[in-house]
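Please open the model in your viewer and keep the selection tool at hand.

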Amino acid sequence: MPIISVDHLTDISLETFDRAGVEPEQAQLVTRLLIKANLAGHDSHGVVRIPSYISGIRSKQIRPNAPLQIENQTATSAQIDGHHGFGQVVLTRAAELARQKSLQAPLSLVTATNYSHCGQLGAYAEQISSADQIGIVIIGRSAGAVVPYGGRTGRLYQSTLAISAPSNKPFPIVLDMATSVAPFGKILMKRARNESCPDGWLIDPQGQPITDPQADLSNGEAGLLPLGGITGGQKGSGLTFMLNLLAITLANVEERVEGALIIAINPAFFLPLSDLKSTADGLVDRLHQTPAIDGFNSVLVPGERSYQESERRQREGILVENDTWNRLQELVKGNVI
């Protein structure tokens, strides 16, 4: 698999989106967030998605450059209809709107719907925390491939939760987690790399473990296990259910359409910002003092591993799967794949 520099991968992405008729500003935003995901080690939300984005544009499932519609605005809330634009564009706008609204209030909530795949969710929580606020982002929909605890087939959507808080540390503190044992994007990466899934990710309709990433999750051939797996998945299953409930109701989405909640909390209404940051720093330092078990160099906090991986990949380049790289090269030439 080739290792590609950030600059080269950026150029290829921008040229591919330009050929597809995407406005430069949107192409730059989507490219930046895709490569940010690659840098952080979240390859399933990186450039591997570009071929499917281009396919979506051609089929008009993705409508780049579509105007966003802001509805039902109050001083502390709003709803955004993305009109099937890029998820990265819609959620970036929603996060910025939530941040702006929380400047004059302790908390704001902005919902979004009708957007395409939005990439790494933690980027939008981090967008808010980089402005010295607390960001919380939730996505969900009414149905999916996650098996509820005690069940044999998928029923729940793989909801995702991201939380980010400001600190004085050089890395952003960001929790970004799916509520299944492994996110669906990891399955896609196993497919792209022709690798088996680890035991404990998937089960078949009889409830038996399987490891084939090619199993079709959309028709019930396999189901994703919730956090905790077969024996301890009641909490993961319950969390999945509740996050989906919040997302689909507050975003007021239609059946099987994804909804997003973006919450911005202004800590200045509760305590001095310096106190929040010093408390966060103290918690980080306390965890860093934890003795590590064999196989670990140190204990890390949410967001720290991604920061370290990003620093390394900035220097060394990004590993791209052969199939993905071949597809990108064809797309940049203007060929249909």
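Begin by selecting G233, which is located in the loop that joins α7 (229-232) to α8. Helices here are DSSP runs of H or I with at least four residues, strands are runs of E with at least two, and both are numbered from the N terminus. This is a predicted model, in which local features need pLDDT of at least 70 and side-chain atom pairs count only at pLDDT 80 or more, while totals for chains, interfaces and linings use all residues. Residues are numbered from 1 along each chain as its sequence is written, and side-chain values use heavy atoms, with hydrogens and water left out.

Is G233 buried or exposed? G233 has a relative accessible area of 0%, so it counts as buried. The term buried means under 20% relative accessible area, exposed means over 50%, and partly exposed lies in between, with a 1.4 Å probe and protein chains only. Now display the surroundings of G233: leaving out residues up to four places away in sequence, G233 touches Y149, P226, L227 and G228. Contact here means heavy atoms within 4.5 Å.

**The domains**

Next, colour the chain by domain. The protein chain is divided into domain 1 (1-64 + 317-336), domain 2 (66-179 + 226-289) and domain 3 (182-224); these bounds come from an automatic or database domain assignment. Between domain 2 and domain 3, the C-alpha centres are 25 Å apart. Their contact involves 10 residues of domain 2 and 11 residues of domain 3.

How much area do domain 2 and domain 3 bury between them? The figure is about 770 Å², with 62% of it on carbon and sulfur atoms. Buried area is the accessible area (1.4 Å probe) that two parts lose on being put together, summed over both. Select A145, R152 and Q158: these residues supply 53% of the area that domain 2 buries against domain 3, more than any other three residues.

**The nonpolar cores**

Now turn to the interior. A nonpolar core is a set of buried Ala, Val, Leu, Ile, Met, Phe, Trp, Tyr and Cys residues joined through side-chain atoms within 4.5 Å. Which members of the largest nonpolar core touch the most other members? Among its 50 residues, they are L9, F17, F86 and L91. Domain 1 and domain 2 each contribute at least three residues to this core. A second, separate core has 12 residues, including A182, I187, L202 and L217.

Centre the view on L9. Apart from neighbours within four places in sequence, L9 is in contact with I4, I35, V47, I318, V320, W325 and L328.

Select helix α11 (residues 322-332), whose buried residues are T324, W325, L328, L331 and V332. Because these residues cover an arc of only 125° around the axis, they lie on the same side of α11; the arc is that of the directions from the helix axis to the C-beta atoms. Show also β1 (3-4), α1 (6-19) and α3 (50-58), which are among the elements that cover the buried residues of α11. After α11 comes G334, with a positive phi near 90°.

D18 and V332 are 314 residues apart in sequence, but 9.2 Å apart in space, C-alpha to C-alpha. D18 counts as exposed because its relative accessibility is 53%.

**Three loop residues**

Select Q61, found in the loop between α3 and β2 (69-71). Q61 is exposed, at 61% relative accessibility. Not counting residues up to four places away in sequence, Q61 touches G56 and H84.

Go on to D132, in the loop between α5 (122-129) and β5 (134-140). D132 has a positive phi, near 65°, in a residue other than glycine. With a relative accessible area of 29%, D132 is partly exposed.

Finally, select N252, in the loop between α8 (234-250) and β11 (259-265). What is the phi of N252? The value is near 55°, which is positive in a residue other than glycine. N252 has a relative accessible area of 59% and is therefore exposed.
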